[in-house]
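Colleague: I would like to learn how to read a model of this kind, feature by feature. Can we go through it together?

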Amino acid sequence: METSTTITDMNADSLAECGRYLDLQDLSNMAMSCKFLKAVAYSDSIWQRWFSGHCPQQMLSTFSQASGVRESYLARRTALRQFKFVDPLAAKFRTDAKPFNHLLLDKNNDIVFSQGSMIQMIKMGSGFSGRDFLVTLNDHKARITCMRLFPLSETSVFRSKTQQEENVLVTSSCDHSIRLWRKGSCQRCFKGHNGPVSTLSDKLLGDGSGKVFASGGEDGTVRLWSLSSSGKRGQQALKATLYGHTKPVKLMSVAGHKTSLLVTISKDSKVRVWDTTTSAVRSSCCVGMTSVLSAPVDMKFDESLLYVAAGSSVATIDLRTMQRVITAAIGQHKVYSFDILPSKSLICTGGYDKAMLWDIRKSQGTLKAEPVIELDGHIGPVTLVHMDPYKIVTGGPEDDHVSVWEVETGTQTNTWVCSSDEEPNSNAGCSAMAVDGCRFVTASCGREDGLVWFRDFTDATCPVSSSSHEDKPSSKFWDPQSYSDTENSDD
C-alpha cells in the first residue's frame, strides 16, 4: 500500500531553514495552517534573521532571551510604528511663508506639498543635496485644490517592470485644469470643467487596463478621465461627464467593495452613487441617492459601508440599501476631521481642543453614542487625524505640536514639534500632515517662513521614558539626528 508524504513529514529544522526566506505575511499564513507549522514558523532560527536584519547593531545584545527572538522582534516593530522613540532620523526644510494646502508622503520617501498654485517635491533619496533635491512644479495658474498619487503601472506612462512600484502625481486646481506629473514635469493636462476643479477620486476606478480617475468641479459635474490616453494635452482623455449635482462637488471616493462605484457629496449635503461602467454619460449613471444632515467634512469607506463626517456627527450609510445604518459618533461640537479603523471597529474624530475615540459596536442600538476615550491636550480645532492599527496621530493649525496615542488604550506616547525653534511664539500650528508606517511628515507656516518636518523611526534606538509623559506632560521630545536645507539652521 502506497503512502503519501506531506509537508508535515519533513524535518522541522529543514522547514525552518526554508522559512527564513519567507516574508512576514507568508510566515503568518504558515503559522495559521496547523500546530506543527505554527511551531516551525515561531522558531528562533527564522526570527533571528528578521531581528538581526531590522535591528540596529547596538541593540542586538539587549533583547530578552526569556521572551524569545520572535517576541523581541515584534515588540520592537510595534514600538517603531507607535513612534515610541526620541531619536528618529529627522530633517527639516524651509519654504515660503505661505499656507500649505496639501501634503503627501510617497513610498520612496519623496515629500510632495502645495502652497497656493505651486507644487514642490523634496527628493529624500537624493541625500539632501544636488540639483534634483528640490523640484518645483508651477504649471498651475491658481490654487491647488487636490493632490493624489496613482500607480504608474496603471497609466500609459508605464514602460517596464522596474517602474512597478512608482506612482504618478495628479493634481487639480482652481484654474479649471487637472495635471499629471512625473519626473519633475507635467506629462498630461486634462481640461473640461467649466470652473474650478474641486476634488479628485482617492483611487482609480475599474479593473484591468481601462481604469479611469474621476474629478468633481464647482460646475456640479463629475467627469471621468482615462490615464491611458496619449498626447501632451490629454486628448481623448475625457470618457464621461456625469450630471446630477446642482451644487459644487466637495468630496468623492471609490467604494470599498466595488471599484466601479463612485460616491460623491456636494456642498448641499447631497450624496450620489455612480456606476462608472454604464456607457451613458448623463444622470442615468446614478444608481443611488441620499443626503446627510449637515455640511460634509470628509468620508471614508469600509467595504460597502460609507462613513460621512458632517456637522457634529459621523453617519454610516450602507450602499447596498442606501439606508443609514447607525450614527457612529455624536459630539457636542463640530467634527473637524476623522479617521476609521474597521479592523478594531474604531472611529477617531477631531473636535475642539481634543480628539475622541469611538467604538462603533457600542453605538449600535443606542440613541446617543458616547466616546470611549477623550484625547485631551490640544489647542484649537483638531483638523488632522491619522489612525492605523498601531497609533493615532492628531494635530491642528493652532497647535504647534502633534500628539501620538496608543490605539488600544488611548495613552499618549509621544509629542513632536512641528513649528520652528526660532519662532517659538509665532502661533504656527500644524497645517498639514502625512503618516505612513514608521514615517511621518508635518508642515507649518509661520510669520517668516514655512517649515516641513520629516521623521523616520525605522532605525531609532532610544525609547521614550515610561515616566516622560507622566512627570512632564508638556515636555516635547527632540531628535538629535537632523538635517536642514538652510545653512543657519541649528538642530
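Colleague: How many helices and strands make up the secondary structure of the protein?

Modeller: This is a predicted model. Its secondary structure comes to seven helices and 33 strands. Of the 491 residues in the protein, 51% are buried.

Colleague: What is the average pLDDT of the protein?

Modeller: The pLDDT is the predictor's confidence in each residue, from 0 to 100. The average here is 84, and 82% of the residues score at least 70. Over residues 470-491 the pLDDT is below 50, although this stretch has 53 contacts in the model beyond near neighbours in sequence.

Colleague: Let us turn to the sheets. In which order do the strands of the open four-stranded sheet lie?

Modeller: In general, the strands of a sheet pair through backbone hydrogen bonds, either parallel or antiparallel. In this open sheet the order is 22-23-24-25, and the pairing is antiparallel. Strand 22 (337-341) and strand 25 (373-381) are the edge strands, each pairing on one side only. Direction ignored, neighbouring strands of this sheet are turned by 20 degrees against each other on average.

Colleague: How many bridges join strand 22 and strand 23?

Modeller: Strand 22 pairs with strand 23 (residues 346-350) over five bridges, in the antiparallel sense.

Colleague: Now the charged pairs. How many salt bridges does the count come to?

Modeller: Side chains of opposite charge can pair when their charged atoms come close. The count comes to 16 salt bridges. In one of these, Arg 94 pairs with Asp 449, and the closest N and O atoms are 3.2 Å apart. This pair links distant parts of the chain, 355 residues apart: Arg 94 is in strand 1 (residues 89-95), and Asp 449 is in the loop between strand 31 (439-445) and strand 32 (450-456).

Colleague: Are Arg 94 and Asp 449 buried or exposed?

Modeller: Both Arg 94 and Asp 449 are buried.

Colleague: What does the salt bridge between Asp 110 and Lys 123 look like?

Modeller: Their side chains meet at 3.3 Å, N to O. Asp 110 is in the loop between strand 2 (102-105) and strand 3 (111-115), while Lys 123 is in the loop between strand 4 (118-122) and strand 5 (134-137). Asp 110 is buried because its relative accessible area is 7%, and buried means under 20%. Lys 123, with a relative accessible area of 24%, is partly exposed.

Colleague: With which residue does Glu 71 form a salt bridge?

Modeller: Glu 71 pairs with Arg 70, the closest N and O atoms being 3.7 Å apart. Glu 71 has a relative accessible area of 38%, so Glu 71 is partly exposed. Arg 70, at 17% relative accessibility, counts as buried.

Terms used
Residues are numbered from 1 along each chain as its sequence is written. This is a predicted model: local features need pLDDT of at least 70, side-chain atom pairs count only at pLDDT 80 or more; totals for chains, interfaces and linings use all residues. Side-chain values use heavy atoms; hydrogens and water are left out. Two strands pair if DSSP finds at least two bridges between them. Helices (H or I, at least four residues) and strands (E, at least two) are DSSP runs, numbered from the N terminus. Axes are lines fitted to C-alpha atoms, for helices over the stretch in contact, and angles run from 0 to 180 degrees between N-to-C directions. A salt bridge is a side-chain nitrogen of Lys or Arg within 4 Å of a carboxyl oxygen of Asp or Glu. Buried means under 20% relative accessible area, exposed over 50%, partly exposed in between (1.4 Å probe, protein chains only). Contact means heavy atoms within 4.5 Å.
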